[in-house]
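Take a moment to get your bearings, and then read on.

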Amino acid sequence: MRRNLAITLGAAALALTMLMGAGGASDEKTNVNVWNAEGGEKDEAMKLTPNLEHGKEVYEVCSACHLPEGWGSKDGTFPQIAGQHFEVIIKQLADIRALNRDNPTMYPFALPKEIGGVQSITDVSAYIAKLPMTPDNGEGDGSDLELGAKLYKDNCVKCHGEGGEGKHEKWYPRIQGQHFNYLIRQFREIKSGKRRNSNPDMVRQIEGFSDRDVVAVMDYVSRLKAPKDMVAPPGWTNPDF
Amino acid sequence: MPDPCSFLSGPGPARRRMKIMRVHRLKGLVIAAAIAAAPWIVEANPARADDTAPAAVDAAAAKKLYLRRSCIACHGKDGQKAIQDYPALAGQRADYMVAQIEDILSGKRVGSPDASGNPRAKGMRGALVAPDGSRRITEDEVKAISGWLATLAPPPIEAVATPLEPDKATAAAAMFAEKCEACHGAAGREPLEGYPRIAGQKHVYVLAQMKDIKSKARSNGQSEAMQTILDDVSDADMELLAAFVSAQEPIAK
């Protein structure tokens, strides 16, 4: 009985914590879109000349999660970043650093203290952009691809391209060959407004998507293949590490 | 099953438990009853921190897991060089680490907002729980990594720009003996089972945890017992205690 009391007290404390935890700082920032704020490190980093050798050094810390190959994890916890457009990587890194994109796991590593100043953003982005992509990304279950293809054609092609290659000069990411579960998570966070640095045009475009639509179109995207010369052979490991 | 009253006799740790009982009785019988009923208090002989690791740890395999599960990114090579306000892990008690990792995975352990505005420990959860909610690390892997880290030598204590003045250091030592020693051991070196070794832990981490436990932002595991103790400890005294703890050699010289 005394033991039950301890458990009850513990449960009450936990419930209290959860109540108090609701509505924290990160929630307040939700829905304040900051897609492409002018100025800041994004603009600066874009203009600098990349130093790939230094980019490799900076990348070492990234490799703990994104892997030495930049392939992330097939289960979608960490995205593939290999082969992403230089400009897109700069934007995302600068946005995470400036707290325009919420990413508690990566945030500490985006800070100058860990990776250095704006030159590091340029250097590591150039290094990552040149890494060959995984031949084995996570895909959906393939059960609704017809719907996915139609949705993609009607809603996504204009910005992300027929093959999901994106548009580097507009900061539209390459989404071909990305892990399905990562795509799903980002799509939902863009739709709900949680991902604050997303393009408002996209948020409007996908407003009416049902859950089935989201899964179908992301499954389709996860099966879009990157150009052959951008994809590593199976079993490739990054000789830099 | 050990005799539930065995802690009332015998040397060493048992006396410490009686002290906990005394402290908690001051705070009210309800808490004392809860403490007395908690399984960790009736456990027989709490082992030294160094004895908690499994007898045979496959160090090479555990170290590889430590790399592959991204632990190294935040806690540094061999748990020695944690970034930001994350804790050093080398030499920590294995049972404590296992419990904390599991609590972080399940969401039981959180904390006040970190620099990114998210509850502390959410970042770690993000690395170990996949988008579909499944674990990226098995219970056995948690045990293996914790067991290995426990065998490693703790990092050297941090260099401090301005050490505590002698009279403050004396006051801090006395406060530590009164408030903290019962559970964390002399100078925070030999904690009871399930409690962390805090001697030599990073100042910024120790202070953040004390504040989070006092405010109940963190209330997992046995931090409930500590909440009552911190009730009448001021912010200034927490600073003092953190400075004292982080300056202690992790292993007596």
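**A walk through the two chains**

A:Lys194 counts as partly exposed, because its relative accessibility is 32% (buried means under 20% relative accessible area, exposed over 50%, and partly exposed in between, with a 1.4 Å probe and protein chains only). You will find A:Lys194 in the loop between helix H11 (180-192) and helix H12 (200-205) of chain A. Helices here are DSSP runs of H or I with at least four residues, strands are runs of E with at least two, and both are numbered from the N terminus. From A:Lys194, look across to A:Ala226: the two are 32 residues apart along the chain, and their C-alpha atoms are separated by 28 Å.

A word on the ground rules: this is a predicted model, in which local features need pLDDT of at least 70 and side-chain atom pairs count only at pLDDT 80 or more, while totals for chains, interfaces and linings use all residues. Residues are numbered from 1 along each chain as its sequence is written, chains are lettered from A and ligands numbered from 1 in the order in which they are written, and side-chain values use heavy atoms, leaving out hydrogens and water.

Now step back to chain A as a whole. Chain A has 13 helices and zero strands. Of its 241 residues, 49% count as buried. Take the contacts (heavy atoms within 4.5 Å) in chain A between residues at least 6 apart in sequence: 76% of them join residues at least 24 apart.

Next, zoom in on a pair of helices. Two packed helices are described by the angle between their axes and the distance between the axes. In chain A, helix H3 (residues 40-47) packs against helix H5 (residues 86-97) at an angle of about 145°, with the axes 8 Å apart. The axes are lines fitted to C-alpha atoms, for helices over the stretch in contact, and angles run from 0 to 180 degrees between N-to-C directions. From H3(A), the residues A:Glu41, A:Lys42, A:Ala45 and A:Met46 meet A:Glu87, A:Ile90, A:Lys91, A:Ala94 and A:Arg97 of H5(A).

Finally, turn to chain B, where two loop residues are worth a visit. Where is B:Ser70? B:Ser70 sits in the loop between helix H4 (59-68) and helix H5 (71-75) of chain B. Its phi is near 70°, a positive value in a residue other than glycine. B:Ser70 is buried, because its relative accessible area is 7%. B:Ala121 also has a positive phi, of about 85°, although it is not a glycine. B:Ala121 lies in the loop between helix H6 (94-106) and helix H7 (122-128) of chain B.
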